[in-house]
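Subject: Structure handover

Hello,

Here is the structure I promised to pass on. Please open it first, then read my notes below.

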Amino acid sequence: MYLYLLEKREETAISLAVTSPKAKIIDAAFATGQVTLNRKIFYLAAIVLGLLIPFGIIYLLFLLDTKVKTRQDIEGKVSIPILGDIPKSDSSDQIIKANSRSSSAEAIRIVRTNLEFILSHVSDEKCKTIFVTSSIPKEGKTFVSINLATTIALSGKRVLLIGLDIRNPKLEQYVDLPGKGLTNFLTKNNADIKDFIVKLDGYENFYALPSGVIPPNPVELLMNDKLNELFEKLKQEYDYIVVDTAPVSMVTDTLLVAKNADAFIYVMRANYLDKRMLKFADNLYKEKKLPNMAIVLNDTDWKKTYGYGYGYGYGYGYGYGYGAEIEKKPWYKTLFKSK
């Protein structure tokens, strides 16, 4: 057995010797000195990369965020005055009642108070006409219109709310209104406007004029002199007229009737409107296409905007021109200044 195993070993050695290797050593490796790792450089590189990568990602996300979030995103970029902010509603009530104490209700009341300064050029004996518009749909202009009118009506003034967004009326989503309204009046020759004005239940001095049937020729209706005559007539009967109009960047309807307004409330929705639309609004203000234009920022997050809660902030801060307003910026925004 021993001789057999020796024979097998020799055979294996011969077979390995015959087989050519895939690689062979030309020069043997040798060391010139002691090889060690520089730990300080590795630690420093790890710290630098650990900071740069997350900060770079956060800064990139910040640059790509083009939505208006707070009034600080508006101030300094436009010359339009700002009436106030309306936070996200913390109640299910869409219309302000006399006993409403929500943050949205208080904000609407502040907007109404600041609006009086815009309307100071209009005599108290005359009707004050307020138009509400926005850049694009779904910014909350109808919500602002109906709640502003409600707040004024609760103060004892005789108020008329007109739905002048005849392409996409939204007033019916807040209150029960008939299907006939302004467009039906404009298309009929001998119609009486009083037949289309309805008194809203629960309010003593609050009336509404619905938009009516959606017409096939909205521009022609709004260019009719009959509409201008209607405004002159209604101003003799009401203390305030609040008009919900169409978005100005979508159609020309609002610009056609702007001459009938004493002031324009331009609604901007936070986390919805693109910052690039601010220039469009600023051009409207500088060119005076919308008289006495002022901004209301809607749907803001008051926890990020106001250092004090609304229960304390309104009692002290807003009474002195937003004195208690303190912006709480995310920590990463303090490192990168928005351009």
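What follows is a short account of what was found.

First, the ground rules. This is a predicted model, where local features need pLDDT of at least 70, side-chain atom pairs count only at pLDDT 80 or more, and totals for chains, interfaces and linings use all residues. Residues are numbered from 1 along each chain as its sequence is written, and side-chain values use heavy atoms, with hydrogens and water left out.

**Overall**

The chain has 11 helices and 8 strands. Both are DSSP runs numbered from the N terminus: helices are H or I with at least four residues, strands are E with at least two. Of the 339 residues, 42% are buried. Buried means under 20% relative accessible area, exposed means over 50%, and partly exposed is in between (1.4 Å probe, protein chains only). The accessible surface is about 19,900 Å², and carbon and sulfur atoms account for 56% of it. Areas come from the Shrake-Rupley method with a 1.4 Å probe; for residues, only the protein chains shown count as cover.

Now contacts, meaning heavy atoms within 4.5 Å. Take those between residues at least 6 apart in sequence: 78% join residues at least 24 apart.

**Cores**

A nonpolar core is a set of buried Ala, Val, Leu, Ile, Met, Phe, Trp, Tyr and Cys residues joined through side-chain atoms within 4.5 Å. The largest one has 44 residues. Ile74, Leu160, Ile162, Ile241, Tyr266 and Met268 have the most contacts inside it. Helix α7 (residues 225-234) gives the most to this core, with 4 residues. Another core, of 36 residues, lies apart from it; Ile108, Ile118, Leu119 and Ile152 are among its members.

**Salt bridges**

The whole structure holds 15 salt bridges. Each is a side-chain nitrogen of Lys or Arg within 4 Å of a carboxyl oxygen of Asp or Glu.

- Asp253 and Arg167 meet at 2.7 Å, N to O. This pair links distant parts of the chain, 86 residues apart: Asp253 is in helix α8 (residues 253-257), Arg167 in the loop between β3 (159-163) and α5 (182-187). Asp253 is buried at 1% relative accessibility, while Arg167 is partly exposed at 33%.
- Glu75 pairs with Arg71, with the closest N and O atoms 3.1 Å apart. Arg71 is buried at 6%; Glu75 is partly exposed at 39%.
- Lys286 and Asp282 meet at 3.1 Å, N to O. They are 4 residues apart in helix α9, so about one helical turn separates them. Lys286 is exposed at 55%, but Asp282 is buried at 6%.

Salt bridges with shared partners also join Arg112, Glu116, Asp124 and Lys128 into one network.

**Backbone and a loop**

Which residues other than glycine have a positive phi? Lys288 is one, near 60 degrees. Lys288 sits in the loop between α9 (277-286) and β8 (293-300) and is exposed, at 71% relative accessibility. Asp299 is another, at about 65 degrees. Asp299 belongs to strand β8 and is buried at 17%.

Lys289 is in the loop between α9 and β8 and is partly exposed at 41%. Its side chain makes a polar contact of 3.2 Å with that of Glu287. A polar contact is a pair of N or O atoms within 3.5 Å; within protein, one must be able to donate a hydrogen and the other to accept it, and residues adjacent in sequence count only if both atoms are side-chain atoms.

Best wishes
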